[in-house]
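Colleague: I have the sequence and the structure open and would like to go through some local details. Could you take my questions one at a time?

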Amino acid sequence: MSALPSIALIGDVKDIAGMPYHVVGDKYVRSIRDYAGAMPFLVLPPLDAAEIDLITDRFDGFMFTGSASNIHPSHWNGPADTPGPFDEIRDELALLLVRTVVEKQVPALFICRGFQELNVGLGGTLEPELKRLPSRIEHHAPEHAPLEELYGPFHDMELSENSPLIQVFGTRRFAVNSLHYQGLADIAPRLHVEGTAPDGTPEAVRVVDHPFAIGVQWHAEYRPDLSPPNARLLAAFGTAARDRRQAR
């Protein structure tokens, strides 16, 4: 068996030419291999509670990836006109897996949609459309912008004073990309907001009393070579997974 820690990735179910496919972005795979120093694996739904309990014992860490889909509002008492698209197969897996990973103290990194899954899975709610709220800045580049602009630095994120994540990122304030239309509303009881955008929108959270369960609203997996804080986050995730592997 490889000495590298194993990281399970939560991907999407997408319709491609009329057939359902299980997919995950290559950028997540490469970020795990190249920056976390771990081996990535894709978790495939559907899984029941017993199977989820089993896989959380098999892997050293979990990455909940970003996606173009939103969490169905039925999971957080959201309004019926909450915009999609939705991926309800992923919802069923991810929200149960969030609770299991947190309960079992398994290292986990939650990115974009995963960031919102963390909050909803632990009992929080979402803002269905940030643009409807007063005094909010834009949190996404134009939809049809070139890739470099779409994933380029968009606004600053600032950590709270004395946040433990300052040590993880190596700085308190830095620029992040931003591709989300929704955001966190009611914060789940076990979460602590560690960083915000200039308009106060939560951008970084951690699970209290957990060795490593960090959520970021931006896409930290995209070109970490251009963002030392993101590279440090992925490296810290890899270290946490490696520590779990050694402890097991």
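Colleague: Where does C112 lie?

Modeller: C112 sits in the loop that runs between strand 6 (108–111) and helix 4 (113–121). Please keep in mind that this is a predicted model.

Colleague: What is the phi of C112, roughly?

Modeller: The phi of C112 is positive, about 55°, although the residue is not a glycine.

Colleague: Does C112 count as buried or exposed, and why?

Modeller: The relative accessibility of C112 is 6%, and buried means under 20%, so C112 counts as buried.

Colleague: Which way does it go for S135, buried or exposed?

Modeller: S135 has 71% relative accessibility, so it counts as exposed. S135 also has a positive phi, about 65°, and is not a glycine. Its place is the loop between strand 7 (126–127) and helix 5 (147–150).

Colleague: Let us change topic to peptide bonds. What kind of peptide bond joins P45 and P46?

Modeller: The bond joining P45 and P46 is cis, with omega at about 0°. P46 belongs to the loop between strand 4 (39–43) and helix 2. A cis peptide bond also joins G84 and P85, where omega is about 5°. P85 is in the loop between strand 5 (61–64) and helix 3.

Colleague: Now helix 3. Why does its end-to-end distance agree with its number of residues?

Modeller: Helix 3 covers residues 88–103, which is 16 residues. At 1.5 Å a residue the helix should span 22 Å, and its end C-alpha atoms lie 23 Å apart, so the two values agree.

Colleague: Which residues of helix 3 are buried?

Modeller: The buried residues are R90, D91, L93, A94, L95, L97, V98, T100, V101 and V102.

Colleague: And what comes just after helix 3?

Modeller: Just after helix 3 there is Q105, which takes a positive phi of about 65°.

Colleague: How do the axes of helix 2 and helix 3 cross?

Modeller: The axes of helix 2 (residues 49–58) and helix 3 come within 10 Å and cross at roughly 50°. That angle makes helix 2 oblique to helix 3. The crossing of the two helices is right-handed.

Colleague: Which residues make the contact?

Modeller: Helix 2 contributes A49, I52, D53, I55 and T56, while helix 3 contributes L93, L96, L97, T100 and V101. Among these, L93, L97, T100 and V101 of helix 3 are also buried.

Colleague: A last topic, the rings. How many aromatic pairs does the structure hold?

Modeller: The structure holds eight aromatic pairs. One of them is F169 with F174, a tilted pair with 5.1 Å from centre to centre and 45° between the planes. Both F169 and F174 are buried.

Colleague: Why is the pair of F169 and W218 called tilted?

Modeller: The ring centres of F169 and W218 are 5.9 Å apart and the planes stand at 45°, so the pair is tilted. An angle under 30 degrees would count as stacked and one over 60 as edge-to-face.

Colleague: Which residues form an aromatic cluster with F41?

Modeller: F41 forms one aromatic cluster together with F59 and F62.

Technical notes:
Residues numbered from 1 in each chain as written. Predicted model: local features only at pLDDT ≥ 70, side-chain atom pairs only at ≥ 80, totals over all residues. Heavy atoms only, no water. Helix = DSSP H or I, 4+ residues; strand = E, 2+ residues; numbered from the N terminus. Expected span 1.5 Å × (residues − 1). Buried < 20%, exposed > 50% of the residue type's maximum accessible area, 1.4 Å probe, protein only. Phe/Tyr/Trp six-rings, centres within 6.5 Å; stacked < 30°, edge-to-face > 60°. Axes fitted to C-alpha atoms, helices over the stretch in contact; angles between N-to-C directions. Parallel < 35°, antiparallel > 145°, perpendicular 65-115°, else oblique. Left-handed = near helix turned anticlockwise from the far one by under 90°. Contact = heavy atoms within 4.5 Å.
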